[in-house]
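Please take a first look at the sequence and the fold shown below.

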Amino acid sequence: MNKLKITKVENSAASSVDFNNIPFGKIFTDHMYVADYIDGEWTNMEIVPLENLSIHPGNLAWHYGQSIFEGMKATRDAAGTPLLFRPEEHVYRLNASARRMCMPEFPKEAFLEAVHTLVRLEKDWIPPQEGSALYIRPFMIAMDSALGVRPSDTYKFMICTLPVGPYYPKPVKLKAEETYIRAAMGGVGEAKTAGNYAASLYPAKLAKAEGYDQIMWLDANEFKYIQEVGTMNIFFVIGDEVITPITEGTILKGITRKTIIELLKDKGYNVVERRLSIDEVVEAADRGDLKEVFGTGTAAVIALVDEIKYRDKVMYLDPSKFEVAPYAKNTINGLRNRTIEDAKGWVVEAGATVEA
Ligand SMILES: *Cc1c(COP(=O)(O)O)cnc(C)c1O
């Protein structure tokens, strides 16, 4: 592997950003990481000042959708040390998405070197506020300039970083969707691929017009079993069970989901991964047993749910009475700013072993 080349900006724009008021997704840091896939190997790995790409109109990613991404976050501890959370998990999933979309895998070592070095370089962009973070967006796109439905021979892998504040400051309202689907068995629901999100936009727009923030997706065969929500996995507390749908091929395998399952089990909660039907949720709500609903994902961390609509039934929840979700949120946030000791080895110092 060739050495990572770094070209720095002359003046960082970090000091011009108000970290108490950051619009999600709009502020990019000074630098980005770029690598090219040419002649069957990854090459030209470098960190450069953020700039536009020049792309041919025949770019295969635009026409036929070979485009995958990841989302991760860097935080800092009280001393300002930049921290990453389970970074290897993200390269494993990136490469699972790559295989499904017939794209080349990106080497794990190069991925980790890139993330560590870039975050180290951009450490002044990590907002100190709890719940805020430096969002890291690795992505890969096809780069061949030709029409024709076939796998591209060339690709670009890039990483951009963006300071972000809390994603959902308020509890969210969900609509259980019965007309459109997100993913079917054998499809691409497990891949973090661009088209999944494009396909969700129109149903999400209709839900918003009805006053709902997000769609709760149901399975494609029967519109019965709960899958997930937007860019979050979902958890239900029913009686003394904490239930989250099992990822059987249609649900994105969230790293936050996996983390929270483990944290809650350690705490002694009865966490169950299984199929969960919307009817079971309605019955639990009618009995008074539906105690909590929350979404989990890197961007939102934990989003509390205060309303779910299914057909003409509306179920209300009172997030001020939630216990499991706040425990999970405080524990993850505490691990990520090192106010809670990390016994799992999930939190790693960014760039401890690289120079930037
Ligand atoms: C990214 C994503 C999630 C959450 O995954 P994390 O690894 O926890 O960030 C859940 N669902 C979908 C559809 C996603 O794209």
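A residue is called buried when its relative accessible area is under 20%, exposed when it is over 50%, and partly exposed in between, using a 1.4 Å probe and protein chains only. The model is a predicted one, in which local features need pLDDT of at least 70 and side-chain atom pairs count only at pLDDT 80 or more, while totals for chains, interfaces and linings use all residues. Residues are numbered from 1 along each chain as its sequence is written, and side-chain values use heavy atoms, with hydrogens and water left out.

With that definition in hand, Leu264 counts as buried because its relative accessibility is 0%. Leu264 has its place in helix H5, where helices (H or I, at least four residues) and strands (E, at least two) are DSSP runs numbered from the N terminus. If contact is taken to mean heavy atoms within 4.5 Å, then Leu264, leaving aside its neighbours within four places in sequence, is in contact with Val242, Tyr269, Val271, Val324, Tyr327 and Ala328. The C-alpha atoms of Leu264 and Tyr327 are 8.4 Å apart in space, although the two residues are 63 apart in sequence.

Tyr327 belongs to helix H7, where it is among the residues that meet H5. Two packed helices are described by the angle between their axes and the distance between the axes. The axes of H5 (residues 255-266) and H7 (residues 324-336) come within 10 Å and cross at roughly 110 degrees; such axes are lines fitted to C-alpha atoms, for helices over the stretch in contact, and the angles run from 0 to 180 degrees between N-to-C directions. From H5, Thr256, Thr259, Ile260, Leu263 and Leu264 meet Val324, Tyr327, Ala328, Thr331, Ile332 and Leu335 of H7.

Thr259, also found in helix H5, counts as buried because its relative accessibility is 0%. Leaving aside neighbours within four places in sequence, Thr259 is in contact with Phe85, Arg86, Ile332 and Trp346.

Phe85 leads on to strand E6 (residues 82-85), from which Leu83 and Phe85 point one way and Pro82 and Leu84 the other, all of them buried. Strands pair if DSSP finds at least two bridges between them. Three bridges join E6 to strand E5 (residues 72-76), and the two run antiparallel, with Arg76 standing opposite Pro82. E5 and E6 form a hairpin with five residues between them, and Gly80 in the turn has a positive phi of about 90 degrees. E6 is also joined by three bridges to strand E18 (residues 347-349), again running antiparallel, and there Glu349 is the bridge partner of Leu83.

A last topic is the aromatic rings. Rings of Phe, Tyr and Trp (its six-membered ring) pair if their centres lie within 6.5 Å, and planes under 30 degrees apart count as stacked, over 60 as edge-to-face and the rest as tilted. The whole structure holds 15 such aromatic pairs. In one of them, the rings of Trp42 and Phe157 have centres 6.4 Å apart and planes at 80 degrees, so the pair is edge-to-face. This pair links distant parts of the chain, with Trp42 in strand E3 (residues 41-49) and Phe157 in strand E8 (residues 155-164), and both residues are buried.
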